[in-house]
Amino acid sequence: PPTIYLKDYTAPAYLVDTVDLDFVIATGATTVSATLAMRRNPAVAAQPLVLDGEELETLSVAVDGEKVPFSTTPTTLTIADLPDAFTLHTVVRIDPDRNTRLSGLYRSKDGYFTQCEAQGFRRITWFLDRPDVMSTYTVTLHADKATYPVLLANGNPVASGEEADGRHWATWNDPFRKPAYLFALVAGKLDGLFDTFQTASGRSVQLAIYVEPGKLDQCPHAMAALQKSMKWDEERFGLECDLDHYMIVAVGDFNMGAMENKGLNIFNTKYVLARADVATDVDFENIDRVVAHEYFHNWTGNRVTCRDWFQLSLKEGLTVFRDQEFGADLHNRQTARIREVRGLRAAQFPEDAGPMAHPIRPASFVEINNFYTSTVYEKGAEVIRMIQTLIGRDGFRAGMDEYFRRHDGQAVTCEDFVAAMAAASGFDFTQFMRWYNQPGTPHLAVDSVFEAKTGRYTLHIKQSNPRASDNHPYLIPIRIALFDAGGQIIAGSDRTLLLTENSQQFHFDGIAAEPVPSLLRDFSAPVVLDYAYTPQQLTLLLAHESDPFNAWEAGQRLASTLILDATAAIAAGQAPVWPASFVDAARRLLQTQAERGAAFVAEALTLPGESTLAEALDIVDPDALHAARNSLRRHLAEQLEGEFAGLYAGLAPHGAYTPSSEEAGRRALRNTCLAYLLELNTPAVRQLALQQFRSADNMTDQFAALAALAQTECTERETALAEFYQRWQHEALVVDKWLAVQSGSRLPDTLATVKRLTGHPAFDIGNPNKVYALLRNFGANLARFHTPAGYAFLAEQTQLLDGKNPQVASRLARCFDRWKKFDGERQKHARLALESIRDHQGLSRDVLEIVNRALG
Ligand code: B3K
Ligand code: ZN
């Protein structure tokens with residue numbers, strides 16, 4: 001399959017002003033008639049019209065009402081000798097009932113749904129399926145009325161009526177010009193929750209959330225999230241909702257999280273449905289963030305869209321940054337930042353160090369769907385955050401205003417965004433643009449020198465990028481503060497250093513005694529930072545740093561060093577050593593719950609994850625790493641049993657469940673204590689866990705007990721798993737949790753369990769959520785996946801899935817990304833597994849691109 005390059009971009013040869021679509025939906029086939037008002041792009045030399053299409057059965061093609069000669073390939077339709085302006089009319093037949101890719105128009109349990117980003121619209125009709133072709137759409141749907149009572153498309157309802165044979169129709173019009181990837185329609189049997197939002201200027205927006213019948217009581221949280229998002233965007237960015245109707249439709253079969261189609265978002269049920277007994281605190285918070293994310297796209301993505309798919313981070317990085325800020329304002333800013341960085345280190349850093357490394361704006365791709373990555377999204381958001389750090393919150397807001405003033409209604413590039421920021425702030429972003437063009441995580445090596453005589457403290461910072469071939473230095477904002485021995489910030493030392501060179505020195509004068517530097521506060525740049533901290537310095541920062549991120553970071557550094565040393569010891573056949581000072585620091589942390597907040601303490605007690613730790617090793621021995629981390633958990637449990645038990649009792653719930661961040665923090669800490677206690681695996685703690693599992697009035701506590709038991713070999717584990725399934729087998733999203741705790745388990749027989757579960761009625765390889773819960777989650781299980789049998793199993797499943805849904809198969813194939821970090825024996829088996837996928841007959845270009853990169 002061909003590689004597509006950013007440098008080859010050319011403007012479209014034709015433009016489409018208006019699109020009229022007519023869908024006749026029926027079981028077995030849907031007919032799509034398209035009427036496109038087109039004209040030649042005057043800026044481009046005359047050439048034939050080449051339309052995109054995929055799996056379309058072409059019934060007729062006419063220009064200005066006359067049949068015309070045309071030629072087709074499986075993916076193009078070409079017409080030559082066209083006038084400067086004309087009307088193109090095409091009729092095609094498609095088969096949404098058999099569309100297992102879930103791209104384009106497809107059938108799910110309760111009706112028909114669409115997913116067009118990135119290139120799904122071409123699976124619906126012949127079109128110029130590229131984001132810089134923007135049109136206004138009028139859409140008519142016809143379907144059986146009893147089976148599909150709800151007929152929706154983007155924009156505003158225009159008219160509707162009845163037809164013969166119990167059918168009905170509805171017409172919608174979207175007054176905003178949009179690219180085809182934002183098109184959506186729904187025909188289904190759905191219940192709706194309705195409300196309104198009053199905008200700052202006094203307009204009323206009609207809100208609706210549509211879900212499968214019987215689930216309306218799981219919608220109020222998402223509705224509230226939508227209203228809060230609308231208000232927040234007015235207050236923070238002065239952005240008002242431009243629509244009369246804003247609809248969200250939830251569907252159980254969906255490749256990703258959600259989709260920002262103009263005025264008609266389509267969501268994975270996972271990010272809509274919530275009720276205290278079926279959704280956890282994390283689910284509630286994720287719903288807030290995803291609802292906000294899709295709403296925020298209405299400005300950052302829809303009103304101003306991408307010129308081409310290489311610019312994806314223009315909308316995604318910016319919109320993730322916006323949803324992060326919304327989440328921080330709504331919940332807990334401290335732990336929000338900690339979790340963002342934890343996620344970045346678990347997924348994006350490994351990606352950026354592996355075969356799929358790419359800049360936030362890739363220079364090339366084979367399949368664009370492979371680039372909806374943690375790099376484009378999460379690192380992209382870090383890049384936007386750095387822009388705000390460099391020019392300040394007010395400067396950033398002025399830059400946003402300027403961006404919309406210049407580009408509203410346009411399809412633009414990342415340069416256009418940064419240029420608006422530069423114009424509004426006067427800051428020179430020339431060097432900063434390297435963040436858009438170079439892959440890899442920069443490494444900072446920091447040394448310090450203190451001269452008592454002169455009172456001068458000097459930080460010497462070197463940057464290097466292990467991935468970038470040209471390795472130009474980045475502009476890196478480094479927030480720092482210096483602490484004295486008493487744990488106080490030395491006056492005036494709190495600042496943002498701008499690193500621009502490969503090697504640079506920064507001086508601090510008037511310093512009385514050697515300070516402790518707190519570097520990269522609030523994680524001011526997405527880099528790996530090395531500084532030879534002593535355990536004493538880290539303990540001081542953990543106890544006294546007022547920036548919660550760096551206090552947490554100090555604890556993570558302490559724990560990482562210990563676990564990595566213990567990994568080496570275990571691999572060499574020795575027993576790990578756990579210093580008393582670390583236990584003391586953890587004990588003190590447990591006592592600061594009142595001042596620092598339970599949520600913070602829970603984060604600080606959570607050891608770095610195995611995949612994050614693995615990145616620090618040249619060759620990973622997953623068994624030794626796993627044993628080392630578990631050993632430290634068990635050691636903490638033994639040493640602090642009384643403290644954990646006391647805190648567990650003291651944090652018992654008072655009153656009914658609310659998903660507030662305060663209460664969620666208490667639950668997080670209490671459940672962290674429970675999980676530590678279960679490391680002791682005594683009958684008493686097992687009973688305690690089972691008791692919590694059975695008596696909890698909310699899914700957070702019930703699931704936390706189940707998850708802790710699932711890591712422990714005991715009969716209570718099997719009892720809880722059986723009871724959980726028995727109780728929740730009819731709630732699809734809860735069944736996903738049941739699958740995930742089993743595939744993520746550290747128990748030695750996890751692979752056998754996962755294999756068995758692929759044949760369980762709860763599993764369905766055609767449903768992405770099930771694949772992610774059972775198979776991809778297994779692939780993230782460092783100790784259990786990285787075995788010859790684990791590799792062979794996921795290779796087999798990837799091939800099986802590829803025949804149905806290449807986008808999801810390709811995400812599964814990414815479990816192999818880091819195979820070269822393991823020992824030679826493992827590498828041999830991983831290579832065989834990857835080659836077996838590559839050599840599979842009819843492999844999709846989605847999976848082929850991933851596997852070729854991994855092997856290459
Ligand atoms: N824009 C969509 C992602 C579409 C993915 C296509 N493979 C969701 C989002 O980022 O809001
Ligand atoms: Zn997005």
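UniProt lists residues 29–182 under "domain: Aminopeptidase N-like N-terminal", in an unreviewed entry; UniProt positions follow the numbering used here, feature names are shortened, and annotations may be inferred rather than shown by experiment. The structure is a predicted model, in which local features need pLDDT of at least 70 and side-chain atom pairs count only at pLDDT 80 or more, while totals for chains, interfaces and linings use all residues. Residues are numbered from 1 along each chain as its sequence is written, and chains are lettered from A and ligands numbered from 1 in the order in which they are written. The pLDDT, the predictor's confidence in each residue from 0 to 100, averages 98 over the chain, and 100% of the residues score at least 70. The model has an ipTM of 0.99 and a pTM of 0.99.

Residues 29–182 are 56% strand and 0% helix, with 23 Å between the end C-alpha atoms. Helices (H or I, at least four residues) and strands (E, at least two) are DSSP runs numbered from the N terminus. Two local features of the backbone deserve attention. Most residues other than glycine have a negative phi, and most peptide bonds are trans. Asp-165, however, has a positive phi of about 60° although it is not a glycine; Asp-165 sits in the loop between strand S14 (156–162) and strand S15 (167–179). Glu-117 and Ala-118 are joined by a cis peptide bond, with omega about 0°. Ala-118 belongs to the loop between strand S11 (111–115) and strand S12 (134–144).

Glu-117 and Ala-118 are also among the residues that surround ligand 1, as are Met-256, His-293, Glu-294, His-297 and Glu-316; a residue counts as near the ligand if its C-beta atom, placed from the backbone, lies within 6 Å of it. Strand S20 (258–259) and helix H2 (281–296) each supply at least two residues of this shell. By class, the shell has five nonpolar, three polar and four charged residues. Here Ala, Val, Leu, Ile, Met, Phe, Trp, Tyr, Cys and Pro count as nonpolar, Asp, Glu, Lys and Arg as charged, and the others, Gly among them, as polar.
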